[in-house]
Amino acid sequence: MPISLGELATRFGCELIGDPDTVVSGVSSLQDAGPESLTFLSSSAYAKQLPQTKAGAVILRASDAESCPVAALVSSDPYSTYARMAAAVCPVAPVEPGIHSSAVVAASADIAESASLGPHVVVGERTRIGERVSIGPGCIIGNDCVIGDDSRLIANVTFVKRVRIGVRGVFHPGLVVGADGFGNAMTPDGWVKVPQVGGVRIGDDVEIGANTTIDCGAIGDTVIDNGVRIDNLCQIAHNVHIGEHTALAAMSGIAGSATIGKRCMFAGQGGTVGHISVCDDVIVAAKSFLSKDVTEAGTYGSSFPAVPAKSWAKQLARFRRLANLNERVKKLEK
Amino acid sequence: MPISLGELATRFGCELIGDPDTVVSGVSSLQDAGPESLTFLSSSAYAKQLPQTKAGAVILRASDAESCPVAALVSSDPYSTYARMAAAVCPVAPVEPGIHSSAVVAASADIAESASLGPHVVVGERTRIGERVSIGPGCIIGNDCVIGDDSRLIANVTFVKRVRIGVRGVFHPGLVVGADGFGNAMTPDGWVKVPQVGGVRIGDDVEIGANTTIDCGAIGDTVIDNGVRIDNLCQIAHNVHIGEHTALAAMSGIAGSATIGKRCMFAGQGGTVGHISVCDDVIVAAKSFLSKDVTEAGTYGSSFPAVPAKSWAKQLARFRRLANLNERVKKLEK
Amino acid sequence: MPISLGELATRFGCELIGDPDTVVSGVSSLQDAGPESLTFLSSSAYAKQLPQTKAGAVILRASDAESCPVAALVSSDPYSTYARMAAAVCPVAPVEPGIHSSAVVAASADIAESASLGPHVVVGERTRIGERVSIGPGCIIGNDCVIGDDSRLIANVTFVKRVRIGVRGVFHPGLVVGADGFGNAMTPDGWVKVPQVGGVRIGDDVEIGANTTIDCGAIGDTVIDNGVRIDNLCQIAHNVHIGEHTALAAMSGIAGSATIGKRCMFAGQGGTVGHISVCDDVIVAAKSFLSKDVTEAGTYGSSFPAVPAKSWAKQLARFRRLANLNERVKKLEK
């Protein structure tokens with residue numbers, strides 16, 4: 001959507017160095033941007049591309065303004081300013097109200113008139129769909145769910161049962177919320193399934209990625225608080241509680257009944273064991289996992305970056321001979 | 001479903017301490033239970049909540065009965081007794097026979113009259129659906145599949161082809177069974193696909209989680225035996241064989257042609273390499289993987305719990321200097 | 001499909017030892033093959049089964065021909081020859097052109113007459129579907145996608161938007177391509193979503209597994225080059241570039257903006273951090289991850305195979321006392 005730099009500067013509270021009537025209609029990278037594009041400079045790694053940029057305008061820090069050959073929008077945090085301006089320049093298509101003729105909606109469901117239900121959508125009994133909600137093609141919303149206003153289920157999302165979502169959420173394809181948790185009791189005759197009777201409560205402004213799974217509670221709810229971000233292929237087990245604004249990168253797994261604090265960040269393929277409590281502001285490095293309560297904010301890690309396989313084989317051998325090395329030092333000490 | 005404590009005690013063989021005419025109609029936690037709820041005490045971690053509980057009845061060990069302020073159902077294994085009683089109190093909704101008008105069923109498919117096919121279901125050629133089977137919305141069952149009596153596919157499950165399932169199975173959304181395995185032959189012109197012509201055989205009383213993948217065999221079948229439990233986001237590669245009552249927690253991966261014994265347990269993000277054989281009663285710890293045959297029952301592990309990142313950086317440096325440390329000890333020994 | 005050994009030998013350039021008029025109509029393992037089956041001997045681990053085989057013909061190396069009790073097709077690379085011959089004996093069913101009555105196709109979509117769209121398929125605006133393309137049941141192809149000739153989407157595949165696929169691709173159920181990448185800017189009010197405006201470009205002859213996720217670019221495209229093979233449950237983040245003929249085994253994750261060279265191979269549960277560059281011909285071992293640029297071809301690893309848990313506990317304790325051991329050696333040196 002074409003917007004003038006003057007309007008962007010006013011709406012998002014930036015200083016504009018350049019012509020307020022210049023119009024941008026898309027976003028691009030510093031390198032590829034043409035005069036119709038808005039771009040940004042946030043990381044110093046890209047600073048050398050600034051003098052050559054052909055963008056319509058660059059969002060940047062005051063200290064970079066001098067090197068900018070085109071219009072500049074000055075911000076103390078160019079990346080978040082870019083995020084907001086890009087959403088204005090490339091807005092999400094407005095929801096077209098209506099229920100597609102192939103959608104199957106239970107008689108007791110309550111669908112706002114302003115909501116959109118796409119092809120092949122299924123909505124279960126007693127489920128409530130709020131104002132301006134967009135339920136994309138192939139989504140299945142089971143019984144007793146609540147979808148808050150302005151939330152968007154892109155496509156092929158499954159909310160199994162008893163899933164309550166706040167407002168302005170974004171849910172990507174293949175996401176499954178509210179399936180039974182992994183509850184089994186061992187008996188002499190094998191596993192007996194433990195009924196999973198809880199639900200899932202998800203706050204406002206939450207975004208959850210493709211093919212992620214969030215199980216319903218065994219008893220009581222699994223809870224995802226406001227502002228949480230979960231990437232693709234993550235697992236949130238039954239009765240987990242994830243605090244506000246916590247972010248989980250792809251392939252993270254949080255085991256059953258773990259409680260994660262606010263503003264935590266998990267890098268890829270990380271996670272926690274079950275039944276632990278993690279305080280606010282904890283960062284977990286890639287491929288690392290927490291095995292016990294964490295009571296102090298900070299960064300935690302336990303992963304080994306790959307090295308050439310021959311070196312690794314020798315290193316593993318040395319590691320396995322640690323007991324021997326220890327004995328030899330003991331002997332020397334005597 | 002309301003049931004009297006007397007009936008529960010009789011049906012499940014428990015001693016009842018309390019009024020047999022008291023009725024419970026739901027389940028809850030010790031802490032949150034009201035007089036209409038059944039609850040249980042299994043782990044001593046929750047014993048301190050017992051004296052305050054307001055539950056209708058508590059399933060517990062004889063040794064805990066004295067501290068129970070309400071009716072008690074005495075069991076030597078309260079958790080499995082709870083699993084069975086909860087299934088009686090909160091039964092799965094009975095299957096409503098019938099084929100939804102939007103379902104697409106191949107002419108040669110054989111669907112039992114007592115089965116239920118939900119909206120937008122697709123059933124392929126020569127596929128047989130047994131008595132009281134429930135195929136939830138959006139499920140796709142390809143050609144040449146067999147679904148045993150009383151099995152339930154919750155929603156959006158895909159059985160690609162040649163998938164044979166036993167009785168009383170439960171299959172969660174996003175599960176994909178019978179897709180081609182990862183079979184590729186390298187040639188000077190790049191990879192050539194190896195046709196995957198086998199199927200998948202799954203036994204009775206198996207439950208498989210959301211977004212898990214189980215590939216068909218390359219030649220011959222991938223096999224999951226009776227009573228197996230597989231959690232969300234697991235990968236079972238082609239020609240794997242998983243023995244009875246084995247359980248895999250979320251994000252476990254079993255590589256091609258591995259054979260896993262009976263009653264094994266894999267914690268989260270664990271797995272095995274391909275082409276190995278693992279005996280019965282093996283437990284694999286979280287984030288650990290087996291790299292060779294295991295012939296002795298027991299617990300196996302290889303993971304590093306996360307520690308503060310600064311300590312980890314130092315620890316990694318020390319680990320990398322093991323060769324140097326070894327040399328220094330050798331020098332001292334001389 | 002029945003084919004004579006003579007035709008196979010001629011078509012695929014093998015020497016035939018045996019009757020050219022013998023006909024095979026299926027494939028099987030050395031052990032299970034009957035006279036109607038073609039099989040192969042590639043790994044010496046199976047050589048002892050050769051003298052007993054009852055197959056119609058065995059594809060094998062010249063050096064194994066003597067021990068073969070039945071017809072032999074001689075190849076210097078029996079596995080890739082098997083792959084090609086098996087595709088001839090067990091061909092993929094030809095595409096039956098036509099659009100199922102339950103499919104929902106946007107007015108501006110362009111579908112080749114020879115393409116097949118199955119039940120409950122959805123095709124978005126301006127999307128082009130090429131000749132002989134097969135779109136299986138439940139697939140959702142969003143706006144502005146291009147599907148090249150002879151590609152096959154098996155079932156329940158989701159291409160969200162701006163996904164362009166080359167020719168002869170194979171895409172398995174649950175795959176999600178083109179969902180928004182994990183782009184978030186932290187602000188004092190929590191995360192702000194960074195619009196993801198790029199697309200995904202996938203080359204020719206690419207096969208991608210079940211429940212894998214490939215995000216669209218943040219700005220610019222995520223790119224998968226010709227001949228790439230990606231297994232189940234893998235994550236390819238925004239703006240990743242994967243070079244020709246690279247293969248990723250199940251549960252591998254490539255973080256944002258990483259560039260992977262040609263002919264690389266990742267074993268299961270491996271991956272890379274973001275923003276790194278990996279040269280051609282790099283192999284990454286199971287459960288290992290690359291944390292920085294790799295400029296030299298070869299095998300890399302960093303994983304610890306599981307050992308008995310008691311040994312591991314001791315080993316972990318020794319590992320944690322490395323600083324102490326180091327101090328003791330220092331003291332001895334003084």
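Residues are counted as partly exposed when their relative accessible area falls between the buried class, under 20%, and the exposed class, over 50%; in this predicted model, A:Asp221, with a relative accessible area of 22%, is therefore partly exposed. A:Asp221 forms a salt bridge with A:Arg201, in which the closest N and O atoms are 3.0 Å apart. The two residues come from distant parts of the chain, 20 residues apart, with A:Arg201 placed in strand S24 (residues 200-202) of chain A and A:Asp221 in the loop between strand S26 (213-215) and strand S27 (222-224) of chain A. A:Arg201 is likewise partly exposed, its relative accessible area being 40%.

In chain B, B:Asp221 is paired through a salt bridge with B:Arg164, at 2.8 Å between the closest N and O atoms. Here the link spans 57 residues, from B:Arg164 in strand S19 (residues 163-165) of chain B to B:Asp221 in the loop between strand S26 (213-215) and strand S27 (222-224) of chain B. Both partners are partly exposed, B:Arg164 with a relative accessible area of 32% and B:Asp221 at 22% relative accessibility. Salt bridges with shared partners also connect B:Lys161, B:Asp180, B:Lys193, C:Glu207 and C:Arg229 in one network.

Over all chains, the count of salt bridges comes to 40. One of these is a bridge between the side chains of A:Lys161 and A:Asp180, with an N to O distance of 3.1 Å. Because A:Lys161 lies in strand S18 (residues 158-161) of chain A and A:Asp180 in the loop between strand S21 (176-179) and strand S22 (184-187) of chain A, the pair ties together parts that are 19 residues apart in sequence. A:Lys161 and A:Asp180 are both buried.

Note on methods: Residues numbered from 1 in each chain as written. Chains lettered and ligands numbered in written order. Predicted model: local features only at pLDDT ≥ 70, side-chain atom pairs only at ≥ 80, totals over all residues. Heavy atoms only, no water. Salt bridge = Lys/Arg side-chain N within 4 Å of Asp/Glu carboxyl O. Helix = DSSP H or I, 4+ residues; strand = E, 2+ residues; numbered from the N terminus. Buried < 20%, exposed > 50% of the residue type's maximum accessible area, 1.4 Å probe, protein only.
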